[in-house]
Amino acid sequence: MRSEDHIRLGESHSAHNYHPLPVVIRSAEGAWVVDVEGRRYLDCLAGYSSLNFGHGNPVVLAAAREQLDRLTLTSRAFFHDRFAGFVTGLAELCGKDMVLPMNTGAEAVETAIKVARKWGYEVKGVAPDQANIVVMEDNFHGRTTTIVGFSTDPDARGGFGPFAPGFRIVKYGSAEAVREAIDENTVAVLLEPIQGEAGVLVPPDGYLAAVREICDEANVLFVADEIQSGLGRTGETFACDHEGVVPDLYVLGKALGGGVVPVSAVVGNEDVLGVIRPGQHGSTFGGNPLACAVGDAVVGLLRTGEYQARARDLGAFLHERLANLGPGVAAVRGRGLWAGVDIDPSLGTGREISEALMRRGVLAKDTHGSTIRLAPPLVVSRDELAWAADQLSAVLREARA
Ligand SMILES: *Cc1c(COP(=O)(O)O)cnc(C)c1O
C-alpha cells in the first residue's frame, strides 16, 4: 500500500488520540528511518527518547533475539533466569538497593506515588489517607486518571474527572514554592529534572539541589521522573547528575526498553521501596524475561559511559548550531542531545515547521504550539546533526520569504 492509503485506513479505523505527521515508516537503522516509498528521514524524535541507543541497536537486538527463542514470559509467580541480572545491574547503575519493574512510564509513576504514600503512612507517620504530594505546573507524567488529575494541561485533563485528591501543584523552577507547599502530611515532591513535554524546560541552576535540601529538612521523598531525561539523553546517566543530586526514587522508562519493548522501573533504597510487600502491588508483564534481557542490555550500554559522552559532545555541537540559526528563533533550551526550539509564531505553527522539516527528510515533533523538540538517537553523527540544523535553517528561511 502507498502512504496515502495507510494513513486513510489507519485514521478511519483508530481513535484520534494522536495527530501523526503524514509519514508511514517501514524500516529503520541507527538514526534513520525509511518510509513505504523508500524515502529516508533522520529521526530527530527518537520515540520521545525511547530510542536513545538507536533503531535496531545490535547489542539490544541480539539480547532480544536470544531471549525470544528461549523464554519470553513466566509472570512474577516464578523466578526466571534473567531477573536477578537485570535488577542488580539497574540498581547498581542507579546507586540504589532495589528495583520495582513495571512496563510503561505511567505505571512506574503510579508505582512511585503508591510507594511514597505507603512510606508516608508507615515510616513518616502521616495520618491515614492524609498524604499529599507536591507536583509541578506543566508536568507530564503519563495518561492514567490519577496522573492527568494533577496535570495543568487542559487537553490532558479536560473531561476525565473526577480526579484523585492529594496533589499540590506549584510553579516549576521555584524551590521556594516547593518549601511553601510542604506541610506535615507531605510525603513526596515529584518532578521532571527537565520538563520534556512542556518544551524541554531546564530549571534554573541550583533548583534540583535546593529541592533536595528542602526534602531532607522536611523528611519528604524526592521522586525524579527521569523517564525522558534519563539514561544518557542529557550527557549524564541522569539529568539529576548535573547538580550532583540523588533522588530517593528514580522513575525510569522509555529508553530502558531499548526501543524494543516497554520497560519501566522505580529504583530506590530498601528503607523506601521495602514498604511494598507481597500482594500489595504488581504487574503481570512487569519484569518479564524479554523485558529483563533488553533492560539488561541497555544497562550494559550505559555502564561504559560511551552514550553519555556522545550526548555531551554532540549536544554541545547541536546547541552551538541551534544558537546560530538566525532570525525566526525566539529561544533554544535544552541539555545534551535534547533541545526545545521556540519558533517565532509569525513564521508558522510548530506543526507547519515539523511538516516542512519532514519534506526535507528530518522527523521532529512540535510541542505546545510553536516549539520544535529535537532529540535524535545518541548514535547520530556530527555530520547528520549539522545537516539537520541546516534543514531547519532552510525551513525558517523559506518561512520568512
Ligand atoms: C513519556 C513519559 C511518561 C509516560 O510514559 P508512558 O510510557 O507513555 O506511560 C511519564 N513521564 C515522562 C517524563 C515522560 O516523558
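1. Which backbone nitrogen lies 2.8 Å from a polar atom of the side chain of Asp 35? It is the backbone nitrogen of Arg 39, and a polar contact of 2.9 Å also joins the side chains of Asp 35 and Tyr 41; a polar contact is a pair of N or O atoms within 3.5 Å, where, within protein, one must be able to donate a hydrogen and the other to accept it, and residues adjacent in sequence count only if both atoms are side-chain atoms. Asp 35 lies in strand β2 (residues 32-35), strands being DSSP runs (E, at least two residues) numbered from the N terminus, and at 2% relative accessibility Asp 35 counts as buried, that is, under 20% relative accessible area with a 1.4 Å probe and protein chains only.

2. This is a predicted model, in which local features need pLDDT of at least 70 and side-chain atom pairs count only at pLDDT 80 or more, while totals for chains, interfaces and linings use all residues. Residues are numbered from 1 along each chain as its sequence is written, and side-chain values use heavy atoms, with hydrogens and water left out.

3. Turning to the ligand, one of its oxygen atoms is 2.6 Å from an N or O atom in the side chain of Lys 254, and a polar side-chain atom of Asp 225 lies 2.7 Å from a ligand nitrogen atom. For Ala 106, a backbone N or O atom lies 2.8 Å from an oxygen atom of the ligand. Taken alone the ligand exposes 380 Å², of which the protein buries 81% (areas by the Shrake-Rupley method, 1.4 Å probe).

Key
Helix = DSSP H or I, 4+ residues; strand = E, 2+ residues; numbered from the N terminus. Buried < 20%, exposed > 50% of the residue type's maximum accessible area, 1.4 Å probe, protein only.
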